[in-house]
Amino acid sequence: MKRTRAIELVEAMLHRLDGPQEWPLHLVRQVWLFGSFARGATEPHDVDVAVQFERDERMKQAVVQAIFSGGNPYAPLRRALAGSSRGLQFQFEDAAREQLEAEGTVMLPLWQRGDSLTEALGVLHAIAEDPEAGRAERHDMIDAFEGLDRYIPRPVRARLIGWQQQEAITICRVQLSDAPDDTDLLATSDMRWTFHRWNDDSPLRRAALAGLALMNELGVELDDVELAGQRLPTPRRLAGHRSEPRWWIN
């Protein structure tokens, strides 16, 4: 994106932080900028933002619910900071931010609780534009993560690569095909009810069906599949069969 657009996104975030402090915005304690935008890139791919926040009881409950539903525990915080805009990539884990700092990533303090909007905007506009500032070297990468690394935190990538090197797991990348409109996966009312948690036009619903279609192609017993944190209501499970999941789709 153009740098002017990136600046507009950060300005909008700062105005939200300076506005009414409803949940979860009032949990935010400090915000940093890092990555190519913070180094002055004229056309950054996105704006990397690190956020430190308190975890109150409501946030802890949101995290637990997200774990069981397969959702993003930080989605409410992201929406509060960015609205519906794309282009801001958030790092909410303190450990991940500290790991980046330990590896030499420069974190530019942008805002902390108590700062005025004027002070924060001053920091933002003081970043000098640098046509030579490109994307930083990416670490802990393999071909399977190419194009997806922005969605997979680096500590997670490092752990997965380590397991693969120890031959504990194998990582491969699969191109999912959409399930046909008349798929048998939704033949029963119980299975259709499982998909009611997503709107008909939701990309999450589309991805879930595509994942299940792949399981069918592989000859997997759907009794053994956990889909976005829930077991499937297959006839055997409804009849009382119980087993540990062997396949996970998230």
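This is a short tour of one structure, from its cores to its strands and then to its surface.

A word of caution before we start. What you see is a predicted model.

Let's begin inside. The largest nonpolar core has 34 residues. Which of them touch the most other members? They are Met 13, Leu 14, Leu 81 and Leu 124. Helices 1, 2, 4 and 6 each supply at least two residues, and so do strands 1, 2, 3 and 4. Which element gives the largest share? Helix 1 does, with seven residues. On your screens, helix 1 covers residues 3–18.

As background, nonpolar side chains in soluble globular proteins tend to be buried together.

Now back to Met 13. What does Met 13 contact, once we set aside its neighbours within four places in sequence? The list is Val 31, Val 49, Leu 81, Leu 88, Phe 90 and Leu 110.

Look at strand 2, residues 47–53. Is strand 2 mostly covered or mostly open? Mostly covered: six of its seven residues are buried. Strand 2 pairs with strand 1 in the antiparallel sense, over six bridges. One example is Val 31, whose bridge partner in strand 2 is Val 51. Strand 2 is also joined to strand 3. Here the two run parallel, with four bridges. Take Asp 48: its bridge partner in strand 3 is Gln 89.

Let's move to the surface. Find helix 3, residues 57–69. Phe 68 is found there. Is Phe 68 buried or exposed? Its relative accessible area is 56%, so Phe 68 is exposed. The cut-off for exposed is over 50%. Together with Val 64 and Ile 67, Phe 68 forms a nonpolar patch on the surface. The three share about 330 Å² of accessible area.

Last stop: Thr 234. Find the loop between strand 6, residues 230–231, and helix 10, residues 235–238. Thr 234 has its place in that loop. Why does Thr 234 count as buried? Because its relative accessibility is 6%, and buried means under 20%. Leaving aside neighbours within four places in sequence, Thr 234 is in contact with Leu 222 and Asp 223.

To recap: a largest core of 34 residues, a mostly covered strand 2, and a nonpolar patch that includes Phe 68. Thank you.

Methods. Residues are numbered from 1 along each chain as its sequence is written. This is a predicted model: local features need pLDDT of at least 70, side-chain atom pairs count only at pLDDT 80 or more; totals for chains, interfaces and linings use all residues. Side-chain values use heavy atoms; hydrogens and water are left out. A nonpolar core is a set of buried Ala, Val, Leu, Ile, Met, Phe, Trp, Tyr and Cys residues joined through side-chain atoms within 4.5 Å. Buried means under 20% relative accessible area, exposed over 50%, partly exposed in between (1.4 Å probe, protein chains only). Contact means heavy atoms within 4.5 Å. Patches are made of residues with over 30% relative accessible area and no salt bridge: like charges are joined within 9 Å, nonpolar side chains (Val, Leu, Ile, Met, Phe, Trp, Tyr) within 5 Å. Accessible areas come from the Shrake-Rupley method with a 1.4 Å probe; for residues, only the protein chains shown count as cover. A salt bridge is a side-chain nitrogen of Lys or Arg within 4 Å of a carboxyl oxygen of Asp or Glu. Two strands pair if DSSP finds at least two bridges between them.
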